Amino acid sequence: QVQLVESGGGLVQVGGSLRLSCAASGRTFEDYAMGWFRQAPGKEREFVAAISWSGYTTAYADSVKGRFAISRDNGKNTGYLQMNCLKPEDTAVYYCAAAPIARTLVHVFRETYEYDYWGQGTQVTVSS
């Protein structure tokens with residue numbers, strides 16, 4: 001198993017930036033593909049970005065492409081989501097998630113059901 005703890009959320013003005021972190025503990029971090037999702041009040045949890053276990057493959061939701069960047073440092077057992085040019089519609093609770101995967105694969109995952117482990121979430125609020 002792996003335990004995930006997000007940090008870095010907060011209140012930011014429109015156009016500002018935040019970097020979220022996801023600290024993993026437990027099983028070897030490289031045994032997992034990672035993803036970031038978000039959930040706004042009254043809405044379903046939605047995909048934001050994903051990264052393969054190696055970090056070489058990434059994927060983004062159209063709504064954040066060009067503004068957000070996902071990365072990971074396997075040596076530090078930490079994943080990141082750099083968020084730039086933030087908009088009010090980016091306001092949500094952001095969750096990191098981990099999906100077990102063999103290191104022979106470079107898959108990324110976009111669906112919530114593909115992830116086995118979730119963090120507790122961190123609030124991001126973008127004010128206008």
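**Figure 1. Asp31 and its contacts in the predicted model.** Leaving out residues up to four places away in sequence, Asp31 touches Ala99, Pro100, Ile101 and Arg103, where contact means heavy atoms within 4.5 Å. Asp31 lies in the loop that connects strand 3 with strand 4 (32–39); helices (H or I, at least four residues) and strands (E, at least two) are DSSP runs, numbered from the N terminus. Asp31 has a relative accessible area of 16% and is therefore buried, a term that stands for under 20% relative accessible area, while exposed stands for over 50% and partly exposed for values in between (1.4 Å probe, protein chains only). This is a predicted model, in which local features need pLDDT of at least 70 and side-chain atom pairs count only at pLDDT 80 or more, whereas totals for chains, interfaces and linings use all residues. Residues are numbered from 1 along each chain as its sequence is written, and side-chain values use heavy atoms, with hydrogens and water left out.

**Figure 2. The protein as a whole.** The protein has 11 strands and zero helices, so that its elements, read from the N terminus, run β-β-β-β-β-β-β-β-β-β-β. The C-alpha trace spans about 45 × 30 × 25 Å along its principal axes. For 128 residues a compact globule would have a radius of gyration near 14 Å, and the 14 Å of the protein agrees with this; the radius is taken over C-alpha atoms, and the globule rule is 2.2 Å times the number of residues to the power 0.38. Of the 128 residues, 45% are buried, and among contacts between residues at least 6 apart in sequence, 61% join residues at least 24 apart. The accessible surface comes to about 6,400 Å², with 48% of it belonging to carbon and sulfur atoms; accessible areas come from the Shrake-Rupley method with a 1.4 Å probe, and for residues only the protein chains shown count as cover.

Figure 3. Leu20 is placed in strand 3 (residues 18–26) and counts as buried because its relative accessibility is 0%. With neighbours within four places in sequence left aside, the contacts of Leu20 include Ser7, Gly8 and Gly9, together with Trp36, Tyr94 and Val124. Gly79, Tyr80, Leu81 and Met83 are also among the residues in contact with Leu20. Thr122 is another contact of Leu20; the two residues are 102 residues apart in sequence, yet their C-alpha atoms are 8.3 Å apart in space.

Figure 4. Strand 1 (residues 2–7) and strand 3 pair in the antiparallel sense over six bridges, where two strands pair if DSSP finds at least two bridges between them. In this pairing Val2 stands opposite Gly26 in strand 3. Strand 3 is also joined to strand 8 by six bridges, and these two strands run antiparallel; here Ala23 stands opposite Thr78 in strand 8.

Figure 5. Strand 4 and strand 5 run antiparallel and are joined by five bridges, with Ile51 in strand 5 as the bridge partner of Met34. These two strands form a hairpin with six residues between them, and Gly42 in the turn has a positive phi of about 80°. Strand 5 also pairs with strand 6 (residues 58–60), in the antiparallel sense and over three bridges, and Ala50 stands opposite Ala59 in strand 6. The hairpin of strand 5 and strand 6 has six residues between the strands, and Gly55 takes a positive phi near 90° there.

Figure 6. Most residues other than glycine have a negative phi. Asn77, although not a glycine, has a positive phi of about 55°; this residue is found in the loop between strand 7 (68–73) and strand 8 (78–83) and, at 31% relative accessibility, counts as partly exposed. Cys85 is likewise not a glycine and has a positive phi of about 50°. The loop between strand 8 and strand 9 (92–100) holds Cys85, which counts as partly exposed at 46% relative accessibility.
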